Amino acid sequence: MKKAPKKAVIIGASSGIGKALARELVKNNYHVGVTGRREGHLLELQKEHPEQIHIAIFDTTEPNTIEQLEALEKTLEGIDLFVISAGIGHLNLDYDYSLENETNQLNVVAFTRLVNWSMRYFEKQGWGHLVNISSVASRRGGRQAPAYSASKAYQSIYLEGMAQKVAYDKLPIYTTDVRPGFVKTAMAKADKMFWVSSKEKAARQIFRSIQRKKRIVYISRRWVIIAWILERIPWFIYKRM
């Protein structure tokens with residue numbers, strides 16, 4: 001008997017890691033609902049596998065986000081996996097509040113709304129898996145993009161709280177905090193990059209971590225070394241970096 005396809009939603013799949021992960025899930029017999037603001041990009045992705053990919057065009061910072069998600073869930077007829085891949089960050093050495101606010105509205109406010117909706121959905125359903133793409137930058141504050149590193153730290157800690165809650169309640173609901181280093185996407189704005197992963201390699205590693213129900217995963221795996229070092233650099237050294 002043929003196994004029924006699993007259902008996934010990826011928030012922010014018009015480009016980058018989200019788009020690559022959508023392709024990886026389709027390869028592995030998922031039906032995928034993809035969201036984003038750029039209709040043309042999503043339509044191009046849907047054309048690759050029109051029977052497996054469903055699109056919803058909306059901005060997660062807008063008030064109608066929940067209505068759009070509920071409509072997408074009805075189209076898919078269920079959700080097993082919910083991935084948040086929407087995020088933004090700005091180099092901001094001049095303390096431009098508009099840039100910090102834009103980062104926080106998406107990475108903190110919209111993120112929290114998405115997590116709350118998906119966790120309530122999974123608790124009612126009785127199972128599910130929530131994945132968020134955070135960053136190695138979540139490990140320390142960063143002078144070049146302070147709101148980005150702070151918002152990613154918020155995401156990691158918030159997701160840990162969700163993981164603790166479902167573990168305490170003994171629910172078969174899983175959370176995975178994906179912490180990429182440098183991945184070759186439009187979001188990668190650093191002048192000097194090393195250990196750079198392709199989007200496709202990142203997507204394959206993320207999918208394996210989903211299969212294994214890992215709570216934390218670094219992309220690529222060697223970035224756990226950088227995270228370990230960052231967390232242990234004394235302030236008198238870190239402040240000069």
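Lys-165 is partly exposed, at 39% relative accessible area (buried means under 20%, exposed over 50%, partly exposed in between, with a 1.4 Å probe and protein chains only). This is a predicted model, where local features need pLDDT of at least 70, side-chain atom pairs count only at pLDDT 80 or more, and totals for chains, interfaces and linings use all residues. Residues are numbered from 1 along each chain as its sequence is written, and side-chain values use heavy atoms, leaving out hydrogens and water.

Now for the salt bridges (a Lys or Arg side-chain nitrogen within 4 Å of an Asp or Glu carboxyl oxygen). The count comes to eight, and here are some of them:

| Pair | Closest N to O |
|---|---|
| Glu-160 and Arg-215 | 3.6 Å |
| Asp-177 and Arg-179 | 2.9 Å |

Asp-177 is buried at 1% relative accessibility, and so is Arg-179 at 7%. Salt bridges with shared partners also join Glu-123, Lys-165 and Asp-169 into one network. Glu-123, for its part, is partly exposed at 35%. As for Glu-160, it sits in helix H5 while Arg-215 is in the loop between helix H6 (199–211) and strand E7 (216–219), so this pair ties together parts 55 residues apart in sequence. Helices (H or I, at least four residues) and strands (E, at least two) are DSSP runs numbered from the N terminus.

Over on the nonpolar side, Trp-195, Val-224, Ile-225, Trp-228 and Ile-229 make a surface patch of about 470 Å². Patch residues have over 30% relative accessible area and no salt bridge; like charges are joined within 9 Å, nonpolar side chains (Val, Leu, Ile, Met, Phe, Trp, Tyr) within 5 Å. Ile-225 belongs to helix H7 (residues 223–232) and is partly exposed at 44%.

Terms used. Accessible areas come from the Shrake-Rupley method with a 1.4 Å probe; for residues, only the protein chains shown count as cover.
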